[in-house]
Number of protein chains: 2
Amino acid sequence: MIRSILTIVFAITVFVSVAQKSIMGFNESNAEKQHSLETSFDAKLSTDNLDSWMQRMSAHPHYVGTEYGKKNADWMAEQFKSWGFDVQIETYQVLFPYPKIRLVELTAPTSFKAKLSSVAVKGDEYTSQGKELLPSYNAFSTDGDVEAELVFVNYGVPADYEELEKLGIDVKGKIVIAKYYGSWRGIKPKLAAEKGAIGCIIYSDPKDDGYFAGDVYPKGAFKNNTGVQRGSVMDMPLYPGDVLTPGYGATADAKRLDRKDAPTITKIPVLPISYDDALPLLKAIDGTVAPRAWRGALPITYHIGPGPAKVHLKLEFDWQLKPAYNVIAKMKGSEFPDQWIVRGNHHDAWVHGASDPVSAMVVLLEEARCVGELVKAGFRPKRTLVYCSWDAEEPGLIGSTEWVEHHKEELQAKAVAYINTDGNGRGFLSAGGSHSLQNMVGEVAQEVMDPQKGVSIGERMGAQDLMNDGDGNPGLYALGSGSDYTPFLQHAGIASLNLAFDGESAGGEYHTIYDTYTHYKRFKDPDFAYGIALAQTAGRITLRLANADILPFEFQQWHITILEYLEEVIQLTEDMRVSAEKHNNLVDKNAFHLVADPKKPFVNPPKKGVVPYLDFSPVQNVMVALKETIDTFTAIDFEHLDHQEMTRLNEKLMLTEQSLMSNSGLPRRPWYKHQIYAPGFYTGYGVKTLPGVREAIEEENWDEAPEQIKLLAGTLNGFNDHIQEMIGFLK
Amino acid sequence: MIRSILTIVFAITVFVSVAQKSIMGFNESNAEKQHSLETSFDAKLSTDNLDSWMQRMSAHPHYVGTEYGKKNADWMAEQFKSWGFDVQIETYQVLFPYPKIRLVELTAPTSFKAKLSSVAVKGDEYTSQGKELLPSYNAFSTDGDVEAELVFVNYGVPADYEELEKLGIDVKGKIVIAKYYGSWRGIKPKLAAEKGAIGCIIYSDPKDDGYFAGDVYPKGAFKNNTGVQRGSVMDMPLYPGDVLTPGYGATADAKRLDRKDAPTITKIPVLPISYDDALPLLKAIDGTVAPRAWRGALPITYHIGPGPAKVHLKLEFDWQLKPAYNVIAKMKGSEFPDQWIVRGNHHDAWVHGASDPVSAMVVLLEEARCVGELVKAGFRPKRTLVYCSWDAEEPGLIGSTEWVEHHKEELQAKAVAYINTDGNGRGFLSAGGSHSLQNMVGEVAQEVMDPQKGVSIGERMGAQDLMNDGDGNPGLYALGSGSDYTPFLQHAGIASLNLAFDGESAGGEYHTIYDTYTHYKRFKDPDFAYGIALAQTAGRITLRLANADILPFEFQQWHITILEYLEEVIQLTEDMRVSAEKHNNLVDKNAFHLVADPKKPFVNPPKKGVVPYLDFSPVQNVMVALKETIDTFTAIDFEHLDHQEMTRLNEKLMLTEQSLMSNSGLPRRPWYKHQIYAPGFYTGYGVKTLPGVREAIEEENWDEAPEQIKLLAGTLNGFNDHIQEMIGFLK
């Protein structure tokens with residue numbers, strides 16, 4: 001039965017009928033039972049529920065602290081109860097800024113006042129809800145009132161500031177205007193402040209997110225001239241969750257930081273605007289023409305400035321504690337009640353959030369309903385199922401983070417895995433997570449049918465991978481941040497997954513007033529066919545984890561993946577060395593000066609520092625040892641384990657991911673403890689694998705890099721010990 | 001003295017003072033004399049002349065057939081005479097269409113009539129010359145009156161039609177609208193007609209040529225909303241020159257084709273328009289959204305159509321024979337009067353043509369003036385100098401082509417080389433041509449100083465090459481077409497060069513009413529410093545060819561280059577095979593279908609034909625033989641040749657390029673006889689090296705490819721014989 005653990009199953013294979021197939025971690029007869037359970041589960045799934053629940057939940061704005069958010073929480077709790085779950089609403093008191101004053105005006109060389117509002121759209125009644133609609137802003141911007149010359153900084157990421165340096169342009173004392181995209185939004189004000197800017201405006205350029213991408217709403221799905229992306233700019237790469245209670249639950253009586261001391265609130269005021277509001281500002285900037293890659297799709301020549309455009313930016317927020325309502329619904333396991341399979345999705349939205357998050361929230365509800373029905377028909381999951389509906393995800397993963405921080409000890413003892421979703425569309429399965437779960441996800445992907453193509457979703461993924469020059473066997477992507485898996489995986493060390501369908505439902509509605517039921521039904525997954533596919537996928541994963549004889553963690557594939565990350569990091573150092581040598585050679589030959597156009601701004605670049613040779617051998621040697629350990633573990637004849645041995649194995653297996661944590665956490669951000677996966681300090685959502693080592697190298701911190709290599713080697717050594725222990729008591 | 005022939009001199013080396021340096025093809029004492037001659041030549045060069053002559057020549061529009069064009073020709077003839085040249089104005093009667101009716105109107109779903117005119121610009125009086133300004137059109141469009149649905153075809157190149165095929169979109173019976181760029185403009189109506197379209201509109205998208213590129217005129221140098229690029233759409237890849245007299249001079253009494261039979265006039269009507277005129281047309285197109293790479297910088301979502309936009313395009317031309325005045329000025333050689341160094345630039349322009357062509361035309365004049373002065377001071381070139389100012393280049397290289405066709409026999413007997421220019425800017429030397437001249441050009445580039453950087457222009461080119469990941473030794477680029485070197489090189493087999501400075505003078509004035517003296521003085525080479533550098537470069541090349549003891553042709557570098565082309569062509573076949581196999585594998589796996597979004601247009605692609613293995617050995621073997629021959633030739637002790645041997649060697653050397661011709665010419669276009677360089681049949685200006693072989697492979701003509709390989713081998717064998725003969729009589 002365990003042989004299938006070894007199969008890399010994200011492959012294009014002829015679809016084999018379910019009845020014949022084995023399942024990772026199940027013996028033959030239990031696999032048959034499980035397949036029959038899944039068939040019953042599938043049969044109960046209803047698109048009508050997804051549709052009507054989405055209508056209900058997204059009928060009004062429901063950001064944290066709203067009445068409608070509370071109504072949704074209460075309603076979900078009732079539903080869970082009616083399906084037979086033990087339900088609790090766990091409430092945290094979290095800081096949430098509501099915009100009181102938002103002002104952006106051009107004061108020179110001409111004047112213009114940004115409208116800061118999105119138009120209501122004919123045919124979409126939800127967009128006409130007036131004052132109910134949350135004004136557009138970036139949550140956790142600091143208050144501020146500044147006026148200064150404007151500088152266009154492209155996406156406002158580190159590479160852009162390097163480019164500005166080459167052009168001799170400084171943002172000190174200026175207000176920057178940056179395009180959305182290119183990084184998670186919170187990086188833009190963070191970096192701008194580090195560079196000395198005193199304010200930050202973020203806008204959606206139509207090239208990335210507007211008419212250039214496709215027809216705009218309401219004709220098409222993309223962002224119209226007045227659409228504004230809301231979103232948090234909290235410094236989540238430092239720590240997510242309530243800004244006042246880092247590392248512990250924001251219970252009513254928790255000790256709180258003074259707001260002035262909260263390190264994750266931005267240092268400078270920041271506000272998002274539409275491309276209609278951005279156009280007059282950008283048009284008024286003169287000076288150096290922006291590099292080609294910086295230019296967007298507005299009908300202007302993009303200049304960098306500074307000035308003559310001068311902008312007045314004034315922001316004031318109502319800083320209040322708001323209740324965040326997490327709905328937690330448990331179905332107790334029959335054999336191992338203290339082994340939890342946690343399945344989560346958030347319920348709060350910036351506005352209506354039909355797509356983000358309701359489209360997948362209703363999928364989770366439907367999964368739970370069907371489980372409830374199966375239970376009513378006699379099924380009992382071996383392990384406990386915990387369905388979670390998080391509040392306050394949008395402002396900074398707050399609901400989930402507070403819950404994980406609050407229950408960390410219990411979770412680290414009981415949670416087998418966390419399965420996250422956060423919105424759903426049409427197209428291809430996008431699956432990220434802990435690589436010890438890659439093969440089990442791949443197995444599931446081979447069994448869930450794509451609603452459009454008559455093949456499995458795994459086969460469709462494989463075809464896409466082939467088209468993208470892959471080998472047809474795509475793996476799980478590594479998790480950075482951006483949704484509620486972060487506290488589970490990166491703070492508590494619980495193996496996690498993040499699932500969604502996408503690729504055929506692009507649009508510009510994200511975090512705008514246009515993310516409505518109407519928009520969803522026209523452009524996303526109108527018949528909820530992929531909603532059902534997601535329920536089948538997440539449902540199978542949840543139920544297999546719940547019922548497996550042996551938990552389907554697998555480490556040979558994991559080892560291949562981690563080895564790839566290690567090779568990447570080694571190659572990165574080599575590339576940096578070659579690049580620095582090349583750069584220094586060009587400096588020595590005066591090539592930059594000789595090639596520069598004397599009529600254009602130019603700063604002769606300094607030589608780069610030497611990239612030292614690093615000793616990666618501590619990690620390389622552990623990886624060699626680990627391979628042997630993992631091969632030995634995998635070769636064990638699991639078929640003949642008795643119940644007690646299995647139980648002991650499972651109790652150890654479920655904790656494996658935690659052995660990848662380091663208690664000290666990452667440098668300068670101890671909240672992040674996972675040594676394999678973290679959001680990048682300067683990418684925000686984008687993942688950095690082997691983050692301690694990789695970021696030390698990227699930031700040319702040559703003292704820290706060897707320390708981090710040793711730390712990583714130590715962590716991997718602990719992982720090796722953990723597997724050795726399992727081998728030990730199984731032999 | 002000959003050792004330096006072997007040096008690859010496009011290298012960054014410490015600049016060595018002129019007096020110490022040897023010169024390829026000169027003995028030591030003659031090299032010293034030549035350097036002193038060049039010093040005198042340089043001292044005479046005057047930026048004032050360049051400036052005032054440009055003002056004079058570009059004061060009014062002077063396209064072929066205009067009074068001002070005739071005035072320019074007469075004035076130049078007078079100048080040459082006054083400088084001591086024998087001057088002739090050689091006149092040809094060439095077909096030239098003048099627009100009578102130009103109509104583009106949107107007839108559905110809304111109506112709009114294109115203005116087809118560019119605005120006069122404050123501060124640039126030349127743009128206000130009203131009726132004198134040639135209306136914007138594409139010369140050698142056929143007459144036509146068509147109305148049909150519009151289809152947006154990106155650049156209208158072969159790859160774009162492949163994309164349309166994948167989307168199931170047919171242009172049969174439609175009018176296409178294509179962006180300028182991506183190919184020479186004439187390819188667009190040619191391909192559109194082949195695909196069944198009945199009309200073609202070409203416009204300048206602001207992404208390629210407008211505000212996206214930079215500030216527009218008059219604020220900046222780039223194309224404003226009303227600018228229109230004129231230009232020929234004659235099928236020059238078939239043959240350039242007068243459309244009615246292919247292969248022979250368009251003398252007054254020449255036999256002429258009936259216009260209806262002229263194969264180089266387009267099959268469908270075609271007109272260029274501004275982006276202001278294009279915007280309503282593109283906005284009115286709906287249907288499939290254009291692929292990302294197709295989208296320009298207009299503030300719209302780019303759709304492909306067809307329709308609902310419907311366009312009425314009506315064009316009528318006055319088809320008249322016009323006199324084309326070539327000004328030919330000769331300075332007879334003292335020793336070898338029947339060895340000609342030909343130096344040319346055209347004088348006609350679409351409108352004022354300050355940049356194209358006057359900026360380099362005045363450089364040629366200044367070179368000739370200085371030579372005249374040197375002659376008056378006692379200098380006599382050993383070989384005859386022939387300075388040519390061509391008319392009617394713009395409509396299709398007509399003046400030069402007719403002259404070359406008319407005098408082909410004499411030219412093939414007498415011309416040593418042709419040195420072309422066609423406009424000049426600021427920045428880096430751009431040098432293309434026959435690779436047997438690469439080292440001599442490189443040597444010159446090491447001696448001419450860059451006006452801005454205090455190093456030689458060669459050193460600056462080298463720095464640019466380093467920055468572009470090259471080795472710092474850029475060679476000559478291979479010549480395709482687009483200027484008057486084509487008849488010399490590709491029809492008559494005369495070694496040719498094309499020279500200009502560019503890279504720091506970009507703009508959108510090309511072929512518009514904005515290519516004026518005012519524009520040039522603001523944005524191109526305001527102080528004519530690079531005009532002087534071009535005179536120094538072309539002047540040195542001309543005078544060294546004129547005075548060399550042994551003509552500075554060199555074949556080891558040539559061999560290296562041709563071998564690279566051969567390797568490219570072999571690799572191309574391999575790449576096509578791999579690509580076809582990959583494609584067919586994806587088709588077999590049904591990947592295209594599986595990945596396609598069912599809500600978007602999609603045609604499952606057919607399998608590609610097998611790419612056979614070709615036998616390149618005939619060419620490979622000749623190349624091996626050639627290497628030995630060339631090495632033997634290069635090793636000859638040239639120092640001890642007597643005058644008679646040198647003369648005999650030079651008489652043979654100057655004909656070497658002709659041994660690279662095949663009398664039968666290229667398949668389906670026998671006018672093009674050079675077997676190494678040709679403009680691409682479907683690129684227009686873009687070069688195809690080893691064109692017979694390369695195009696047979698690209699077009700998957702697997703019967704023709706082996707024939708062309710044999711033909712090329714035969715030609716190269718002839719080249720080998722030619723060098724063997726020289727070795728024979730030198731030993």
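Predicted model: local features only at pLDDT ≥ 70, side-chain atom pairs only at ≥ 80, totals over all residues.

Me: What is the phi of F528(B) near?

Reply: Its phi is near 60°, a positive value in a residue other than glycine.

Me: Is F528(B) buried or partly exposed?

Reply: To judge that, count the C-beta atoms around a residue: 20 or more others within 10 Å make it buried. F528(B) has 28 C-beta neighbours inside 10 Å, so it counts as buried.

Me: Where does E700(B) lie, and what is its phi?

Reply: E700(B) is in the loop between α20 and α21 of chain B. Its phi is positive, about 55°, although E700(B) is not a glycine. Here the neighbour count is 15 inside 10 Å, so E700(B) counts as partly exposed.

Me: Which residues meet between α20(B) and α21(B)?

Reply: From α20(B) come G692(B), V693(B), A696(B) and I697(B), and they meet E704(B), A705(B), Q708(B), I709(B), L711(B) and L712(B) of α21(B). By class, this contact has seven nonpolar, two polar and one charged residues.

Me: Which helices of chain A are mostly covered?

Reply: Two to look at are α12(A) and α10(A). In α12 (residues 438-445) of chain A, eight of its eight residues are buried. Among them are M440(A), V441(A) and V444(A), along with E443(A). In α10 (residues 398-406) of chain A, eight of its nine residues are buried; these include I398(A), W403(A) and E405(A).

Me: What do the buried residues of α10(A) pack against?

Reply: They pack against strands β1 (86-108), β9 (310-331), β10 (336-346) and β11 (383-390), and also against helices α11 (408-414) and α14, all of chain A.

Me: Which domains does the assignment give for chain A?

Reply: The assignment gives domain 1 (26-94 + 322-547), domain 2 (97-320) and domain 3 (556-730). The centres of domains 1 and 3 of chain A, taken over C-alpha atoms, are separated by 29 Å. Contacts join these two: 20 residues of domain 1 touch 21 residues of domain 3 in chain A. On the domain 1 side, α12 and α14 (485-491) of chain A each supply at least two residues. The largest share, three residues, comes from α14(A). That side divides into six nonpolar, 14 polar and no charged residues.

Me: Which residues does P618(A) contact beyond its neighbours in sequence?

Reply: P618(A) lies in α19 (residues 617-635) of chain A. Leaving aside neighbours within four places in sequence, P618(A) is in contact with I709(A), K710(A) and A713(A). P618(A) and A713(A) are 95 residues apart along the chain, yet their C-alpha atoms are separated by 5.6 Å.

Me: Where are there cis peptide bonds?

Reply: One runs from A108(A) to P109(A), with omega near -5°, and P109(A) is in the loop between β1 and β2 (112-113) of chain A. Another runs from Y217(B) to P218(B), with omega near 10°; P218(B) is in the loop between α6 (206-209) and β7 (231-232) of chain B.

Me: How are chains A and B related, and how many residues are in contact?

Reply: A rotation of 180° with 0.0 Å of shift along its axis superposes chain B on chain A, with an RMSD of 0.0 Å. The two copies are thus related as by a two-fold rotation axis. In the interface, 30 residues of chain B are in contact with 30 residues of chain A. On the chain B side, the largest share, six residues, comes from α12(B), and the side divides into 17 nonpolar, four polar and nine charged residues. Finally, 100% of the interface residues of chain B are also interface residues in chain A, so the copies meet through the same surface.

Definitions and conventions: Residues numbered from 1 in each chain as written. Chains lettered and ligands numbered in written order. Buried ≥ 20, exposed ≤ 12 C-beta atoms within 10 Å, placed from the backbone. Helix = DSSP H or I, 4+ residues; strand = E, 2+ residues; numbered from the N terminus. Contact = placed C-beta atoms within 7 Å. Nonpolar A, V, L, I, M, F, W, Y, C, P; charged D, E, K, R; others polar. Domains from an automatic or database assignment. Least-squares fit on C-alpha atoms with pLDDT ≥ 70 in both.
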